[in-house]
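Colleague: Before we go into detail, could you show me the model that we are to discuss?

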Amino acid sequence: MTTPGLCSADLVAVLMTIRHGDPGILTLRDGSSLPSGPAESGHQSLQKDLRARVEQQTGIRLGHIEQLYTFGDTLDESGTRLVRISYMALASIWSEEGDWRSVYDYLPWEDRRSSDVNPLLTRIIAHISDWSAAHTHRHRRCVIAFGLDGHSWDDELVLQRYELLWEAGMVAESRFSAGFMLNSKSMDEDYRRVLATAMSRIRARIRYTPAVFDLLPDHFTLLQLQQAMEALAGRPMHKQNLEGSKNPLVLRSSV
């Protein structure tokens, strides 16, 4: 009979809002970590455990949270399998205190609202194309994720793009260096992968749910709605696609 392997569980929270025109997240340890910690047995549920931990670490009481993803491919320092369970919380206003950072400090290639990102994307595509050229399946993943060879850029493939950059040794968290390291803010362990997962989720949700309204005040203009959608999607949008009323003041209750 095989003895099941031991594992430990870690809870991670992505607290997201819109700050200074960008999607913002609350970080710890000089921007290198997200609110997190090992799951404890004294709580009735993982959600209650996470809420207590976030409040202890940040002073913020979470409202609605949703589970993002469970990662199980990491080993801790003792070689024990680490199961990392991630959650996301959205709010229009968080405390002004705390170390808030733009998501695009960590994932700058995802912000395509202006042409400023084009030189960076050009370098990324050149290196990742060379890295994947000799491997058909790998090259196919890169083509789809980065919108190459006639494919369009899919906003939602944030996690897939980050994982390819990690595999190619192009981010600081990679296990080796490809000789071309992206100049972006890194995170401890695999928290940046959790962040990429959160961005994939919110970009998908704003297409088919009113999730964006959780990041806006109760009363907002059509311009504010457009700017929030563009900030989350990382690309310009046509205002006509957002117009549901001729009234420039949109009420949350009427959307």
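Modeller: The buried residues of α4 pack against α3 (118-132) and α5 (158-167), where contact means heavy atoms within 4.5 Å and buried means under 20% relative accessible area, with exposed over 50% and partly exposed in between (1.4 Å probe, protein chains only). Helices (H or I, at least four residues) and strands (E, at least two) are DSSP runs, numbered from the N terminus. This is a predicted model, in which local features need pLDDT of at least 70 and side-chain atom pairs count only at pLDDT 80 or more, while totals for chains, interfaces and linings use all residues. Residues are numbered from 1 along each chain as its sequence is written, and side-chain values use heavy atoms, with hydrogens and water left out.

Colleague: Which are the buried residues of helix α4?

Modeller: Helix α4 spans residues 136-145, and G147, with a positive phi near 65°, follows α4. The buried residues of α4 are C142, V143 and A145.

Colleague: Are α3 and α4 roughly parallel or roughly antiparallel to each other?

Modeller: Two packed helices are described by the angle between their axes and the distance between the axes. Axes here are lines fitted to C-alpha atoms, for helices over the stretch in contact, with angles running from 0 to 180 degrees between N-to-C directions; those of α3 and α4 come within 8 Å and cross at roughly 155°. Angles under 35 degrees count as roughly parallel, over 145 as roughly antiparallel, 65 to 115 as roughly perpendicular and the rest as oblique, and therefore α3 and α4 are roughly antiparallel.

Colleague: Which residues make the contact of α3 and α4?

Modeller: On the α3 side they are I128, W131 and S132. On the α4 side they are R138, H139 and C142.

Colleague: Over which ring does the charged end of R138 sit?

Modeller: A charge sits over a ring if NZ of Lys or CZ of Arg is within 6 Å of the ring centre and within 35 degrees of the ring normal. For R138 the distance to the ring centre is 4.2 Å, and the ring is that of W131.

Colleague: How do the rings of F146 and W153 pair, stacked or edge-to-face?

Modeller: Rings of Phe, Tyr and Trp (its six-membered ring) pair if their centres lie within 6.5 Å, and planes under 30 degrees apart count as stacked, over 60 as edge-to-face and the rest as tilted. F146 is buried at 2% relative accessibility, and W153 is buried at 17%, with R112 over its face at 4.3 Å from the ring centre. With 6.3 Å centre to centre and 75° between the planes, the pair of F146 and W153 is edge-to-face.
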